[in-house]
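User: I am new to this structure and would like to learn how to read it. Could you take me through some features, one at a time?

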Amino acid sequence: MYYLIGDIHGCLEKLDSLYTRIDEKMNRDDTLVFLGDYIDRGAESFEVIEYLRGLSDRRNCVFLKGNHEGLFLDYAERGLNSNIYRMNGGDSTIRSYRKHRGGLFEVPAGHLDFFNSLRLFFEGENFIAVHAGLNPKIYSIEAQSAHDLTWIREDFFRSNRRWEKTVIFGHTPTIYLTGSYRKIYRDREHNIIGIDTGAVYGGVLSCLRWPDGAEFHS
């Protein structure tokens, strides 16, 4: 079984609550797939990364890259796009790291290793997990651009294309797709499922179990 988890955005309490719910249901060989956006907006980005790194020592984990991790690396490693990063929730991440690093914005080497190891997609036998979605005009997943995989929105989920494998994505809060922060978006016509239920906006953090489609929420 795969347990796919949506955008966390620094919400440690909701992450812990959700994991506690699914931990007892998981078998040893099950895999957790996190869809990216672990940081920014919420208050505990540093703590979330620590939690996830510790979890990977106990469970099979796949960590995907979201657009916020891309912005973070541009800022933390290359000093780029400071204003854009801060305007997109980066201020809360900077404060979180300063709190744990003696008032300085300093990213531990282990955290940088984590961010730089993130994958752009994960493909299973009958599904593809990705942060934002796929460009419907491109038919090879290997040819998809990093920008589309982490940033695309309407061009993906408003497309008329039906995907052969179910595409499971985060990035776009489901309130824009279903009208609710508590309802996973399932589009059977196009074979896509959105699981970002807006944890940082007052919604829940959600997990989709695959292939049976069971839902779990924080």
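User: Which residue is the bridge partner of Val33 in β3?

Analyst: The general idea is that strands of a sheet pair through backbone hydrogen bonds, either parallel or antiparallel. Here, Val33 is bridged to Val62 of β3. The strands β2 and β3 run parallel and are joined by 4 bridges. Two strands count as paired if DSSP finds at least two bridges between them. Strands (E, at least two residues) and helices (H or I, at least four) are DSSP runs, numbered from the N terminus. A word on the source: this is a predicted model, where local features need pLDDT of at least 70 and side-chain atom pairs count only at pLDDT 80 or more, while totals for chains, interfaces and linings use all residues. Residues are numbered from 1 along each chain as its sequence is written, and side-chain values use heavy atoms, leaving out hydrogens and water.

User: What is the order of the strands in the open sheet?

Analyst: The order of its 5 strands is β3-β2-β1-β9-β10, and the pairing is mixed. At the edges are β3 and β10 (215–217), each of which pairs on one side only. On average, neighbouring strands of this sheet are turned by 20 degrees against each other, direction ignored. Helix α1 lies across β1 (2–5), β2, β9 (206–210) and β10, at about 140 degrees to β10. Such angles run from 0 to 180 degrees between N-to-C directions, with axes as lines fitted to C-alpha atoms, for helices over the stretch in contact (heavy atoms within 4.5 Å).

User: Why is helix α2 described as largely enclosed by the rest of the structure?

Analyst: Look at burial: buried means under 20% relative accessible area, exposed over 50%, and partly exposed in between (1.4 Å probe, protein chains only). In α2 (residues 45–55), 8 of the 11 residues are buried, so the helix is largely enclosed by the rest of the structure. Among them are Phe46, Ile49 and Leu52. Their cover includes α1 (12–23), β2 (31–34), β3 (60–63), α4 (82–100) and α5 (109–116).

User: How do I read an aromatic pair, and how many are there?

Analyst: A pair of aromatic rings is described by the distance of the centres and the angle of the planes. Rings of Phe, Tyr and Trp (its six-membered ring) pair if their centres lie within 6.5 Å; planes under 30 degrees apart are stacked, over 60 edge-to-face, and the rest tilted. The count here comes to 21 aromatic pairs. One of them, Tyr2 with Phe127, is edge-to-face, with 5.0 Å between centres and 65 degrees between planes. Tyr2 in β1 and Phe127 in β5 (residues 127–130) are 125 residues apart, so this pair links distant parts of the chain. Tyr2 is partly exposed at 26% relative accessibility, whereas Phe127 is buried at 1%. One aromatic cluster includes Phe34, Phe46 and Phe63.
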